[in-house]
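Dear colleague,

I am passing on the structure that we spoke about, and below it you will find my notes on what turned up when I went through it. Please read them with the model open beside you.

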Amino acid sequence: KAPGEEKQPSQENIPPLEKGAWTVPKGKLYCESYNKYYWHTSEFNKKGKKVKWANNAKYDEIRTELKLEYGLTDGLNALLYLPYKQAHWRDDNGKHTTRALVDIWTGIKYQLFRQPFAFSLQPRVKIPTNYNENAVPSLGKRQVDAEVKCLLAKSLWSYKGYTKFELGFRYRAEEP
């Protein structure tokens with residue numbers, strides 16, 4: 001290598017956190033599990049104004065998601081997201097908890113190019129599972145949604161980092 005020249009990572013050596021716009025090589029499986037925590041004490045009304053819930057109500061949820069990505073080819077991956085949600089509603093009248101495997105996302109990621117940055121298209125579809133949409137608190141609307149994302153990423157290998165950007169559109173079959 002020339003003086004001052006940094007060796008760039010191969011596709012296989014890209015750290016897992018960078019996989020966003022990059023694809024998993026053919027025949028390889030990428031698996032990731034993560035948790036999200038949300039809490040609310042208010043909502044937006046139909047006029048778009050933020051209002052507190054009555055009766056000192058509070059909502060929170062813990063969402064654990066398993067993300068699987070399999071390389072069909074070096075530039076085409078099959079995607080599967082399996083989320084499990086536990087939701088809590090508390091107010092002056094009592095407490096309620098609901099938990100279940102919720103809407104599954106499936107799709108593909110197609111990498112158009114890797115240089116000078118990685119660029120991929122990622123269409124996905126949300127498929128409802130068999131939870132009770134009328135439970136309190138509700139786990140979702142049991143509706144089919146679809147989205148497409150443009151994923152861009154650039155390795156900053158010499159700085160031991162990366163940068164990424166996502167832009168997408170989600171079509172909701174019903175209300176959000």
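How many salt bridges does the count come to? Taking a salt bridge as a side-chain nitrogen of Lys or Arg within 4 Å of a carboxyl oxygen of Asp or Glu, the count comes to 10. Before the details, please note that this is a predicted model, in which local features need pLDDT of at least 70 and side-chain atom pairs count only at pLDDT 80 or more, while totals for chains, interfaces and linings use all residues. Residues are numbered from 1 along each chain as its sequence is written, and side-chain values use heavy atoms, with hydrogens and water left out.

One of the salt bridges pairs Arg90 with Asp60, whose closest N and O atoms are 2.5 Å apart. Because Arg90 belongs to strand E5 (residues 76-91) and Asp60 to strand E4 (residues 58-73), this pair ties together parts that are 30 residues apart in sequence; strands here are DSSP runs of at least two residues, numbered from the N terminus. For burial I use relative accessible area, computed with a 1.4 Å probe on protein chains only, where buried means under 20%, exposed over 50%, and partly exposed in between. Arg90, at 32% relative accessibility, therefore counts as partly exposed, whereas Asp60, at 8%, counts as buried.

Asp145 takes part in two of the pairs described here. With Lys126 the salt bridge is 2.9 Å from N to O, and it links strand E9 (residues 145-156), which holds Asp145, to strand E8 (residues 118-127), which holds Lys126, the two residues being 19 apart. With Arg172 the closest N and O atoms are 3.6 Å apart, and since Arg172 lies in strand E10 (residues 161-172) and Asp145 in strand E9, that pair ties together parts 27 residues apart in sequence. Through shared partners, salt bridges join Asp103, Lys126, Asp145 and Arg172 into one network. Asp145 and Lys126 are both buried, Asp145 having a relative accessible area of 1%, while Arg172, at 34% relative accessibility, counts as partly exposed.

Arg124 also lies in strand E8 and, at 9% relative accessibility, counts as buried. Its side chain is joined to that of Glu147 by a polar contact of 2.8 Å, a term that covers a pair of N or O atoms within 3.5 Å, where within protein one must be able to donate a hydrogen and the other to accept it, and where residues adjacent in sequence count only if both atoms are side-chain atoms. Leaving aside neighbours within four places in sequence, the residues in contact with Arg124 (heavy atoms within 4.5 Å) include Trp105, Asp145, Glu147 and Arg170.

As for the nonpolar residues, a nonpolar core is a set of buried Ala, Val, Leu, Ile, Met, Phe, Trp, Tyr and Cys residues joined through side-chain atoms within 4.5 Å. The largest has nine residues, namely Trp53, Ala57, Tyr59, Ala87, Trp89, Ala100, Val102, Tyr131 and Leu139. Apart from that core lies another, of five residues, among them Trp22, Ala118, Leu151 and Ala153. Within the largest core, Leu139 is in contact with residues including Ala87, Ala100, Val102 and Tyr131.

With kind regards

Definitions and conventions:
Helix = DSSP H or I, 4+ residues; strand = E, 2+ residues; numbered from the N terminus.
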